[in-house]
Number of protein chains: 2
Amino acid sequence: MEETIKGSQSLIFKNAPYLISAASVTGSKEAEGPLGKLFDMTSEDDLFGAQTWEEAESTMQKEACVLALGKVHVEPAAVRYLFGGDLLRQGIATSMGVEGLQIPMFGLYGACSTSGEALALAAMSAAAGYGEYMLAVTSSHFGSAEKEFRFPLGYANQRPLSAHWTVTGSGAFLVRSAERAAQDCHVRISGVTVGKIVDYGLKDSQNMGACMAPAAMDTIVRNFEDMGRTEQDYDRIITGDLGYVGQSILFDLVRGKGYDIRERHLDCGMTIFDQQTQDTHAGGSGCGCAAVTLASFVLPKIEKGEWKRVLFVPTGALMSTVSFNEGASVPGIAHGIVLEHC
Amino acid sequence: MEETIKGSQSLIFKNAPYLISAASVTGSKEAEGPLGKLFDMTSEDDLFGAQTWEEAESTMQKEACVLALGKVHVEPAAVRYLFGGDLLRQGIATSMGVEGLQIPMFGLYGACSTSGEALALAAMSAAAGYGEYMLAVTSSHFGSAEKEFRFPLGYANQRPLSAHWTVTGSGAFLVRSAERAAQDCHVRISGVTVGKIVDYGLKDSQNMGACMAPAAMDTIVRNFEDMGRTEQDYDRIITGDLGYVGQSILFDLVRGKGYDIRERHLDCGMTIFDQQTQDTHAGGSGCGCAAVTLASFVLPKIEKGEWKRVLFVPTGALMSTVSFNEGASVPGIAHGIVLEHC
């Protein structure tokens, strides 16, 4: 299978697996946003009937998995491996969320890039023939993220304009190996570009778009060079949550490498909220942001053939409150997933 | 490659990759323990020259990776993907530790089972032909773990006898695909059993052995049944950090399933410290515990052929201080790695 290796960081799958089902579950603010009508499930109660924000996030993950499986009538027991993660310390939203499914699981952490990491590993495992079905799931919750990274919501701390609004949402994706092709599925994961940690020395955790933009550039340009492509080869290049600040930095950095992605770029963090009316500052963020935007808005367009080939690049800022308070920089990471209409 | 799938959770590799190099880096207490002379690098200064426990842990990870690569003269640029994790919130020790190597990376979280998770994914990627070299690394640090899960060391809080002592250490493992077999290497990763989350409802974070024992039993028995084996087929069955409390529970649980592993069992947490003289209570723990014990003590015995086949089962307790304080239970997870002399 040597020919699947491309360049230094990318794989192109000989037997590209199918992305046969996806589901999105979000909170109330996301339901009021531009994509509100596209989500599979939204809750007026951001606690989702639970007692804590963490339990609420776990509930979203479980519901997203059950929905993604239910849409194509696949039982959890048929899923070989689950790849999941979230933003909380020790990935607790995932552990508690997927526990009930009883699928052998790999816990992941890639900050807001985790949906890309999970999709990459699910696709790699399916393409290698390690099982028929693989499940990828990620989540974030505004309440649990504010508590984890800033303060409990009750403190009502102020946010600079460069700050992001963590998306309350979870997206789940069911990947099926190509050996048993899905009749009604028109989306394949044809390749991946696994990201490196990129550190420009920025230290402002309230400006994550700037921290992540260099990593997004690095992965996008690496994808072009590994696969012998340019921006012309993609209908859309979709980053996770760079927001308004990060997007302009990304455009400059990519232009410095000789490419111009402005006409084909879309950022999930800028798509999920209406900045003007929803007071979300730089845009949405969180493991759930890219995941629910992909599930609800991007995949249907690829499924229909409106977009033939998309480079999906969720981006993550690698930090903790401890590293931040100790004065460490905030490096970024981004993973590229090539999605194609078939 | 369908025939690599065994049972519901296990894979047996047709082209079993080699584990060609391993390195261990530990702190001073580990250096004074029974395995002290076997570690590649130990430091009298548990800060490893850094300013914080977190930076010290990152330094250990970096040193372990550099040592594992250096032993077989492989450059970081030759490594296709890195799989790494630690116990800290947002896996920050790994992000900061491996950043300088500039290897495309997957961040993982599986609590103290992470070394198994990383080895499983490294072996799966190498066996699938996704690259020649894959690197797996995990770490823990007593100082950073006490701060993360209990209190900063200066508080000098008391510990019950069922508590573990977090190992200050990092282990790194270089996996090479079988297509380019290593001449002087006699250890192969012949298969894996990926664990499920197992929750018996225990809530005592100071008794992690009891929390993890059910998961260890589940993965060991699943490995036996998936692969059509019994305890007789392994020279040793080696758990990560069940300790004295967890071991006795494991023996009972496994016996309840019709197997008796008492004569073949070894626990890294009980091996790395001398409980009598080092005041380590139930035993060592942490992502580094199983990793450095594997690298320094277990692998040389397989390499020499003293042990022909070993089932390595690092165990993790899935919790955070938030989940604990909110009253959630502490489920466990364990991943099984089959190591064979060749």
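**Close-up views of the chain B and chain A model**

**Figure 1. Salt bridges between the chains.** Two salt bridges are found by the rule across the interface of chain B and chain A. The model shown here and in the other views is predicted. In one salt bridge the side chain of B:Glu326 meets the side chain of A:Lys147, with an N to O distance of 2.9 Å.

**Figure 2. The interface of chain B and chain A.** On the side of chain B, 65 residues are in contact with 65 residues of chain A. About 5200 Å² of area is buried between chain B and chain A. Carbon and sulfur atoms give 58% of this buried area.

**Figure 3. Relation of the two copies.** Of the contact residues of chain B, 100% recur in chain A, and the same surface serves both copies.

**Figure 4. Helix 6 and helix 7 of chain A.** Helix 6 of chain A spans residues 208–227 and helix 7 of chain A spans residues 243–256. Their axes come within 8 Å and cross at roughly 35 degrees. The crossing of helix 6 of chain A past helix 7 of chain A is right-handed.

**Figure 5. Residues in the contact of helix 6 with helix 7 of chain A.** Helix 6 of chain A contributes A:Gly209, A:Ala210, A:Ala213, A:Pro214, A:Ala216, A:Met217 and A:Ile220. These meet A:Gly246, A:Ile249, A:Leu250, A:Leu253 and A:Val254 in helix 7 of chain A. Ten residues of this contact are nonpolar, two are polar and none is charged.

Technical notes: Residues are numbered from 1 along each chain as its sequence is written. Chains are lettered from A and ligands numbered from 1 in the order in which they are written. This is a predicted model: local features need pLDDT of at least 70, side-chain atom pairs count only at pLDDT 80 or more; totals for chains, interfaces and linings use all residues. Side-chain values use heavy atoms; hydrogens and water are left out. Axes are lines fitted to C-alpha atoms, for helices over the stretch in contact, and angles run from 0 to 180 degrees between N-to-C directions. Helices (H or I, at least four residues) and strands (E, at least two) are DSSP runs, numbered from the N terminus. A crossing is left-handed if the near helix is turned anticlockwise from the far one by less than a right angle, and right-handed if clockwise. Contact means heavy atoms within 4.5 Å. Ala, Val, Leu, Ile, Met, Phe, Trp, Tyr, Cys and Pro count as nonpolar, Asp, Glu, Lys and Arg as charged, and the others, Gly among them, as polar. Buried area is the accessible area (1.4 Å probe) that two parts lose on being put together, summed over both. A salt bridge is a side-chain nitrogen of Lys or Arg within 4 Å of a carboxyl oxygen of Asp or Glu.
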